[in-house]
Amino acid sequence: MRGRHLPGMPLKYFMRKSISIPIYGQLVEVYIGELALSKAGKIYSCLDVETVKSYEGYAAHFQHNENKQSRFVIYFPNIEASFGTIAHECGHSVMQILSHVGVKVSPKNDEAYIYLLGWLVNQVAEAIKIFSKQKTTRDETPSITKNEK
């Protein structure tokens, strides 16, 4: 689990988007906003919400004990995440996903990493773009589905 520190308080709004990665049979959940982080903390009890909410971004891999299903979580405190922060956190998730499914990444074998990283960054950036168009108040909780454009 990793994150980068951002001073100040995040805005109070909520966004959650699930991104399916069919080629690897995995799911990435993107949470944006302090309310979203609180919800993630209820789902993933080992998530240290108080520490993570001060980060600029965060990525983690969780496994549900009941069904042994993995989830990869990315969190941003607000929709103003920079491209660098989006790529940074997606990079952590891609490494976690590839490690989880047994793909070894090296300088001679980096295409799986590079392709998945580019694809995931685009998916997350598009979700943020859609959310920012829908968001009209600080407390609004718009619904975003994986097929919405």
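**Figure 1. Ala-81 and its contacts in a predicted model.** In this predicted model, Ala-81 is in contact, meaning that heavy atoms lie within 4.5 Å, with Phe-76 and Ile-86, once its neighbours within four places in sequence are left aside. Ala-81 sits in the loop between strand E5 (70–76) and helix H3 (83–101), where helices (H or I, at least four residues) and strands (E, at least two) are DSSP runs numbered from the N terminus. The relative accessibility of Ala-81 is 18%, and therefore Ala-81 counts as buried, a term that stands for under 20% relative accessible area, with exposed meaning over 50% and partly exposed in between (1.4 Å probe, protein chains only). The C-alpha atom of Ala-81 is separated by 9.2 Å from that of Ala-125, although the two residues are 44 residues apart along the chain.

**Figure 2. Glu-29 in strand E3.** Glu-29 has its place in strand E3, which covers residues 26–32, and it is buried because its relative accessible area is 4%. The side chains of Glu-29 and Tyr-31 are joined by a polar contact of 2.9 Å, that is, a pair of N or O atoms within 3.5 Å in which, within protein, one must be able to donate a hydrogen and the other to accept it, while residues adjacent in sequence count only if both atoms are side-chain atoms. Not counting residues up to four places away in sequence, Glu-29 touches Arg-16, Lys-17, Ser-18, Tyr-44, Arg-71, Phe-72, Val-73 and Ile-74.

**Figure 3. Helix H3 and the residue that follows.** The 19 residues of H3 should span 27 Å at 1.5 Å a residue, and this agrees with its end C-alpha atoms, which are 27 Å apart; the expected span is 1.5 Å times one less than the number of residues. The buried residues of H3 include Thr-85, Ile-86, Glu-89, Cys-90 and Leu-98. After H3 comes Gly-102, with a positive phi near 90°.

**Figure 4. The protein chain as a whole.** Four helices and five strands are present in the protein chain, and along the sequence they follow the pattern β-β-β-α-α-β-β-α-α. Of its 149 residues, 44% count as buried.

**Notes to all views.** Residues are numbered from 1 along each chain as its sequence is written, and side-chain values use heavy atoms, with hydrogens and water left out. Because the model is predicted, local features need pLDDT of at least 70 and side-chain atom pairs count only at pLDDT 80 or more, whereas totals for chains, interfaces and linings use all residues.
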